[in-house]
Amino acid sequence: MNRLKDRLGTTLVWLSGIGVMLLLAAIVGMVLVRGIPALSVEFLTSAPEKMGREGGILPMIVGTMLLALLAVPLSGILGVGAAIYLAEYTVESRLTRIVRLATESLAGVPSIIFGLFGFVLFVMTLGFGWSLLSGALTLAFMTLPTIIRTAEESIRSVPGIYREVSYALGAGKWQTIRRVVLPSAGPGILTGIMLALGRSVAETAAVIFTAGSSLKYPRTLFDPVRTMAVHFYILAREGISMERAYGTAAMLIILILIVNSVALLLMQRFRAKV
Amino acid sequence: MHERRIERLLTCAALSSIAILALIILFIFKEGIGAVRHTGVLNFLVGSRWSPSREVFGIFPMIVGSLWVTVGALLLGAPLGILCAVFLSEFAPPKIANLARVSVQMLAAIPSVVYGFIGLVVVVPLIREYLGGPGFSVMASSIVLATMILPTVISISLDAIEALPSSYKEGAIALGATKWQAVAMVILPSARSGILAAVILGMGRALGETMAVIMVAGNALSVPTGALAPVRTLTSGIALEMGYATGLHRQALFGMGIVLLLLILGLNLIASSVGRGVRR
Amino acid sequence: MLAKVLVRILMLLAVACSLCVLGCTVERRGEHSITVAGSTSVQPFIEVLAEEYAKERPDVTVNVQGGGSSAGVRAVLTGAAELGMSSRALKPSESAVRGILMAQDAIAVVVHPGNPVLEVDTVTLRKIYTGEITSWQQLGWLDRRITVIAREEGSGTRGAFDEMVMEDAEVWPGCLVQDSNGSVRETVAHDRFAIGYISLGLVNASIRALSIDGVDPCFESASSGEYPLVRPFLFVVKDEPEALAKEFIDFVLGEHGQAILAEEGLIPVNARTAN
């Protein structure tokens, strides 16, 4: 009886493991197989025509990158600053616990709520309208917890001896942080930033309600922009052009895979060092 | 002094988390409370008719919808996720384990709209052909969501399992247990609070998902009568009508946002107190 | 080392992008652009028109935005947009603005091409949408449940359908809801037992439009008024439209613009006034 349970259990476990890998392969495979054929040079360098029925996705690529590259440095600076504070300047206290709780909670808030929030605050109240600015600010807030979490972990992992040596040599606190701790925690922090970048690129719900869905190139910070994820959503749902939908999705996945692979490599390098 | 200024700046940065969370709660509440008061809190939550054109706002079917879909996702995703975590930590040879870990991380990176789309072109027709109903259903949503919460459940369960002292497993094996017995009788029970936290966080993720659900749920306004019935969740209800809504209608959508936010924040609090022993 | 370099590159890129984008903020805002906001049913057509218009007038940017007919009216009232788009007649409460008819759109009731049912009358249609009629058998086909598809509340198309077909009856809460013409079409195209309603201009070979009250939905029957489910597409303006906006309106109402609209499946104004 026990042998049977044992075999059953082991089989289930193996099935689960292999199953998950197969799942990923199936999903990514399906998108890439149908999408890569559509990825011609023309597709990637021209604008959509007839609302996406023809043409390419260059404005979307540009829009996605602009949005992510505006959002991530913002949350990066804020997040790393918060992480430094939590790791270096305080001991565990009520304040730090509250900050941590807030960060955890923020991490759990669904993207649609961020979309609503960004809509009320940036688009309406502050009057930015559907724009790169509104979208970037919203995404910055959304990715903040990720950066705080990874940055804090990295900073904490820097061995205390580094700091002690630095102080012993006469350096001040901030000097130590800037010259010793941060460079050492660098890869880990960068991982967090890359993860945030990946998240910004993939996000849809928060972006639709704040950055709009215009098909044109954004020329100012206040222009609406359509990201690849949003474009894919619209093309696929409305059956405008399945070919281009898959192409957009393939491009999106490739981009995200690249960003995440870099993050993973950095993380492995970071773990190896520590 | 220079140092003081830096410290003050960093303090502000740290407080930003709290500030943002507070802002979100504030704004969502402010925008939504009007409609909730207009209808009456109880009617809003328990009313089963949602008819914005007649200014009737009852979100009960959507609360039920969200819960059904989430429970379904957990039933499918939690066991699979936990077993996969066990696979990664105990059963997989190193090379395969690495591949599997990378797979999990990649799964987490796929945009939700892609999941939704694959659900739309693969899962929905399959359900419609072989199981009946319109295909857009609780089941379709649960399947898609289960896939989406896998990375969360797997990685946090994995952390919980790996945080256990190796003496637990070694002790069990020394006593003559097989690998599976060690897992089932020692490891899983010991890691249960961390695993529970993983499941609760997965639940939060499932509750909060929007785009994928809109594409496969059918978005019908009635309380779903079965797994094959179409359903509308809180999240898709908001996203569906947000584009056009004005005035009281928009406020009601924000009211739904309040309910959603409270549900998820509550779940998160439970998860963090349950999983307190787990190193994240 | 690698990390540091990457960080520097990221930061540089970000700063470069921001400067680039900010630098462009100098000109362009308002000078030679107009914003057209409102109905998402009208939006795709205005976008195609804007594309064509840009060929004639490359110095003018036409920004098209959705939000719904009501939002379009509000945008014009507050000045957020120079022109509004509406896919329904203006309400009495919206007297501060006026509408300029640019085209008409017929709403087609569509089914899967494999569905043998060819026509339906308004009363039966209403009963399908209130849930009174649930099986295709009641329409002469197999005993299978009708998958009823509606648009979401707030959509101009839904509003028009509710007004013209439902009158005051309430739509059955069990019907599926999709949030665009395109997704309704896609859903019906893949489900043999589905029924839905979309803009006539979007009907293609993947679905079939039913005759309503004995009238086939097509260009002629819609423009003559025989086909019952027709709704106006309006430009919404406050008093006199300003110069750039007026030029765009003239373009849309002119021969070229109307030809484009007809090509896209709408009923041009000129054909209507000839009635």
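Student: In this predicted model, what share of the contacts in chain C between residues at least 6 apart in sequence join residues at least 24 apart?
Tutor: Chain C holds 10 helices and 12 strands, and of its 275 residues 47% count as buried. When contacts in chain C are taken between residues at least 6 apart in sequence, the share that joins residues at least 24 apart is 74%.

Student: Into which domains is chain C divided, and how many residues of domain 2 of chain C are in contact with domain 1 of chain C?
Tutor: Domain 1 of chain C is made of 34-105 + 232-274, while domain 2 is 106-230. The C-alpha centres of these two domains of chain C lie 26 Å apart. Where they touch, 14 residues of domain 1 of chain C are in contact with residues of domain 2 of chain C, and the number on the domain 2 side is 15.

Student: Which elements of chain C each supply at least two residues of the side of domain 1 that touches domain 2?
Tutor: By class, that side of domain 1 of chain C has three nonpolar, seven polar and four charged residues. The elements of chain C that each supply at least two of its residues are β4 (98-111) and α10 (269-273).

Student: Which helix of chain A gives the most to the side of chain A that touches chain B?
Tutor: The contact between these chains takes 63 residues from chain A and 63 residues from chain B. On the chain A side, the residues divide into 45 nonpolar, 14 polar and four charged. The helix that gives the most to this side, with 16 residues (its own span being residues 2-35), is α1 of chain A.

Student: How is α3(A) placed against α1(B), roughly parallel or roughly perpendicular?
Tutor: The axes of α3(A) and helix α1 (residues 2-39) of chain B come within 7 Å and cross at roughly 110 degrees. Among the residues that meet are L78(A), Y85(A) and Y89(A) in α3(A), and E7(B), L10(B) and S17(B) in α1(B), and the contact has 10 nonpolar, four polar and one charged residues. Angles of 65 to 115 degrees count as roughly perpendicular, so the placement of α3(A) against α1(B) is roughly perpendicular.

Student: Is S75(A) buried or exposed?
Tutor: S75(A) lies in helix α3 (residues 58-89) of chain A, and, leaving aside its neighbours within four places in sequence, S75(A) is in contact with A140(A), T143(A), L144(A), I147(A) and A196(A). A residue is buried if 20 or more other C-beta atoms lie within 10 Å of its own. Because S75(A) has 29 C-beta neighbours inside 10 Å, S75(A) counts as buried.

Conventions:
Residues numbered from 1 in each chain as written. Chains lettered and ligands numbered in written order. Predicted model: local features only at pLDDT ≥ 70, side-chain atom pairs only at ≥ 80, totals over all residues. Domains from an automatic or database assignment. Contact = placed C-beta atoms within 7 Å. Helix = DSSP H or I, 4+ residues; strand = E, 2+ residues; numbered from the N terminus. Nonpolar A, V, L, I, M, F, W, Y, C, P; charged D, E, K, R; others polar. Buried ≥ 20, exposed ≤ 12 C-beta atoms within 10 Å, placed from the backbone. Axes fitted to C-alpha atoms, helices over the stretch in contact; angles between N-to-C directions. Parallel < 35°, antiparallel > 145°, perpendicular 65-115°, else oblique.
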